[in-house]
Amino acid sequence: MRALLIPAGEDLYAVDTERVREVVAGPEPTVLPSAPRWVLGVINVRGEIVPLLDTAAMLGVGNSDQPAFAVVVRTAAGPAALTATAIPEFATLGTDLGVAALPGTVSRHRLGQRLVVRIDVDALVTLAHGEAPSVAVDAP
Amino acid sequence: MSQQGLDRFRALFAEEAETRLGRLNQLLLEIEAADPPPDAIGEIFREVHTLKGAAAVVGFDDLSAYAHVLEEQLEELRAGRRVLDLAVVDSLLAAVDGLAQLISASLTNEDAAELARAIGPPLLDRVAAPAPRAAERVAVATHAPAAARPTPPEAAAPAARTTGPAEARAPSDVRATIQVSVERLDELVRLVGEAASANLRVGRLVHERLGPEATSATELVSLSRLLNELQERAMRTRMVPITTITDQLRRAVRDLARTLGKDVRWEVQGEDTELDRSVLQQLADSLLHVVRNAVDHGIESPEEREHAGKPSFGTVQLHAMQFGSEVTIAVIDDGRGIDVDRVRAKAARQGFDVDDLTDDEALQLVFRSGISTAPSVTDISGRGVGLDVVRASVEAARGRIEIHSERGVGTEMRLMVPTTLAVMRCLVVQADDQRFALPMHRVVVARDGAAATTHAEGRRIIWVGDEPVTVTALGDVLGHPGQAAPTGPIVVVNGTLQRHAFQVDSLVGQRDAVVKGLSGVLPRIDVVAGTSVEPDGSVLVVLDPPGLVERARNSTTKGSKAQMSDADRVRPHHILVVDDALTVRELQRSILERAGYTVSVAGDGVDALGRLAEGDVDLVLTDVEMPRMDGFALTRAIRERPPIANLPVLILTSLSSEEDRQKGLDAGADGYIIKSAFDERALLQAVDGALGAGR
């Protein structure tokens, strides 16, 4: 299975290739006041405003202060950019080693000496919202 | 044809039918004018004929059969075998209404055959009241000559029919317009904007390389100019002229005047004025309401007018004009005007302090819930649920509304709205090293930081006229506390119910920003309305003043909690929200809780009655369409139970027809909020108003 590897600190995560739109180097987010910790802000990707989400913070494994790259993925709720602390690369994932433990992840795979955890971007976004539904007051 | 193909064609048919219905209504009204267009009947015939054919192609046989009968009747008129009089125009208008109903039923997969039976065939030889109800039509239809009965659907098979002058269709089909989805236009606007900012970056690059010589690079200058023009033109693609709704208004004036036995002339000026389609759609209902008000309450009867020395016919005018990025639409009548003293008296009864208000200020109170001066409740208006809803929907379109009236001379209702919702006029401010935009329509005033402020209850206060407004540093509210207190300008903004002032580091300027709401990927952030891309590609955060004010007030009340004695605290009002849609229920709950109410929820009428039996509920806010027991039945059930019979009930629904509203009010509801006109502020005002009245 082809996937894009997203380094988050010491860890290595993966997103299915068909979910990946593009990779942005050195994203400089505009901070949104009073946003939750996992929202680093928004970035302008060729005229489109995309939220920049802290991959590690969403998974609950720390946070990445100075993201080197942003991986723009398609989610059910629209495009989102996930932070990567080093350059993301494509790889073919090996055998499925079973269910991963973190919320928003689906499976674990061996890649050389590394263990890669596959992310379900839709689940990740939904879970990060917690119980609070994101309902905007609908100005008709 | 595959189902998918058929769906696509039906979608096309929906668009086409809308255009044709609009044209039909327009033509029928023109027939009544002093100099009707020469071949109006011929054109009406062709429109109906084309509609008939199109309906048959997409399989809407009942609709097609109905159109066929109408076509035959029109042929009688065209051939001069029938005389065209007012009654016939009435019948034709009613028939076009019937077409509209059938089209809508066919498109929504309702039982069109059943509806066609209920409406009856579109016959001209009955004297119809304007827009008669379906029941009346059935009664009349039973006496109609058998020959004119509609062709049964199976016999119609109109796709294959060639009756009617097919050759006459050509001219009306040659149109210089095409339908484009708004989504595509938005995409176009976004790409053009992106091209403009890329050009800006290139310009900077060229400037760095060439130095001062760059200014003489005429290619670059002309490219910039072209891109600017392209951007402006792209924006304009979303605009439509106001004529798109004036025909509907003209029809309303005509029908209502005829029902009331009044003689009313309708005049439009500035019909070419353009507005964003979505703004115009939002305003359509409000304008309809205002225009009907003018005919119903403004214009006097011919006798009364003559007695007052006025011409026997009244005039309702609609003036539209553009001022900069704003359009003003004024509805002016030369009727009896509004009795300001009555407005004062009514407002005073509701607890308003009216003594210090000028007449003009007092008049604006008619936009408050529950203040209407209509002497009696009629079918048309005057239920007190009118003008407050109008104001709410104008405000939802980021506009404002004013009223001016002189007794015996007339009333002018003025709606001022931005030309487009795609572009929002913003005030850009700097606070804690970040720039933020504040929507201009919420900004009351910006004052110099050195302006006189005072202190009260542990808070900093600035006077805005006679109103004391609390001042907070914007950075503190946005979550950067502890920074040096700003000494820059103070910006006063309108929240949902209150004003608040924010001190910033500096004012950067005004911008017409293309504002996009936050992505669905993000949770709702109450202080942020959206974002906008600056010409240099950077992102500007647009703040949401109501959320901002709410947050600022919560933090200041928290700070001064110690000063609030227990005696001051009253039990917050308890509201029961009844809706079967979880999302809507929770949305309402969050709005109401934020405003300080205690909220319980119920999934339908039966649940709600169970919850009401436990007592302590002060107001019920209910949806209409619900399983087991709907909102109307719930309202009636409440009114029938003595202990809770006086409980205020507000109905919130997407049903917007006059009939449904009537039904809600007949059931005993205190107010009726239409979801399309629904925003946080409108909801809170309605709730406030109903609670005030119920005490």
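Which residue forms a salt bridge with Arg551(B)? The partner is Asp526(B), with the closest N and O atoms 2.7 Å apart; a salt bridge here is a side-chain nitrogen of Lys or Arg within 4 Å of a carboxyl oxygen of Asp or Glu. Arg551(B) lies in helix 18 (residues 545-559) of chain B and Asp526(B) in the loop between strand 16 (506-514) and strand 17 (528-533) of chain B, so the pair ties together parts that are 25 residues apart in sequence.

Before the tour, some ground rules. This is a predicted model, in which local features need pLDDT of at least 70 and side-chain atom pairs count only at pLDDT 80 or more, while totals for chains, interfaces and linings use all residues. Residues are numbered from 1 along each chain as its sequence is written, chains are lettered from A and ligands numbered from 1 in the order in which they are written, and side-chain values use heavy atoms, with hydrogens and water left out.

**Salt bridges**
- Over all chains, the structure holds 34 salt bridges.
- Arg551(B) is partly exposed at 26% relative accessibility (buried means under 20% relative accessible area, exposed over 50%, partly exposed in between, with a 1.4 Å probe and protein chains only).
- Asp255(B) and Arg254(B) meet through their side chains at 2.8 Å, N to O; Asp255(B) is buried at 13% relative accessibility, and Arg254(B) is buried at 10%.
- One network of salt bridges with shared partners joins Asp90(B), Asp97(B), Arg251(B), Arg254(B), Asp255(B) and Arg258(B).
- Arg46(B) and Asp39(B) form a salt bridge at 3.3 Å, N to O; Arg46(B) is buried, with a relative accessible area of 17%, whereas Asp39(B) is partly exposed at 41%.

**Two helices of chain B**
- Helices (H or I, at least four residues) and strands (E, at least two) are DSSP runs, numbered from the N terminus.
- Helix 2 (residues 40-57) of chain B has 15 of its 18 residues buried, so it is largely enclosed by the rest of the structure.
- Gly59(B), with a positive phi near 85°, follows helix 2 of chain B.
- Helix 3 (residues 61-78) of chain B should span 26 Å, and its end C-alpha atoms, 25 Å apart, agree with that.
- The buried residues of helix 3 of chain B include Tyr66(B), His68(B), Glu71(B) and Gln73(B).
- After helix 3 of chain B comes Gly80(B), whose phi is positive, near 80°.

**Strand 19 of chain B**
- Five of the five residues of strand 19 (residues 574-578) of chain B are buried.
- His574(B), Leu576(B) and Val578(B) point one way from this strand, and Ile575(B) and Val577(B) the other way.
- Strand 19 of chain B pairs in the parallel sense with strand 20 (residues 598-602) of chain B over five bridges (pairing needs at least two DSSP bridges), and Val578(B) stands opposite Ala602(B).
- Strand 19 of chain B also pairs in the parallel sense with strand 21 (residues 619-622) of chain B over four bridges, where Leu619(B) is the bridge partner of Ile575(B).

**Chain A and its interface with chain B**
- Chain A has two helices and ten strands, and 49% of its 140 residues count as buried.
- In contact (heavy atoms within 4.5 Å) are 31 residues of chain A and 32 residues of chain B.
- Across the interface of chain A and chain B, the rule finds zero salt bridges.

Definitions and conventions
Expected span 1.5 Å × (residues − 1).
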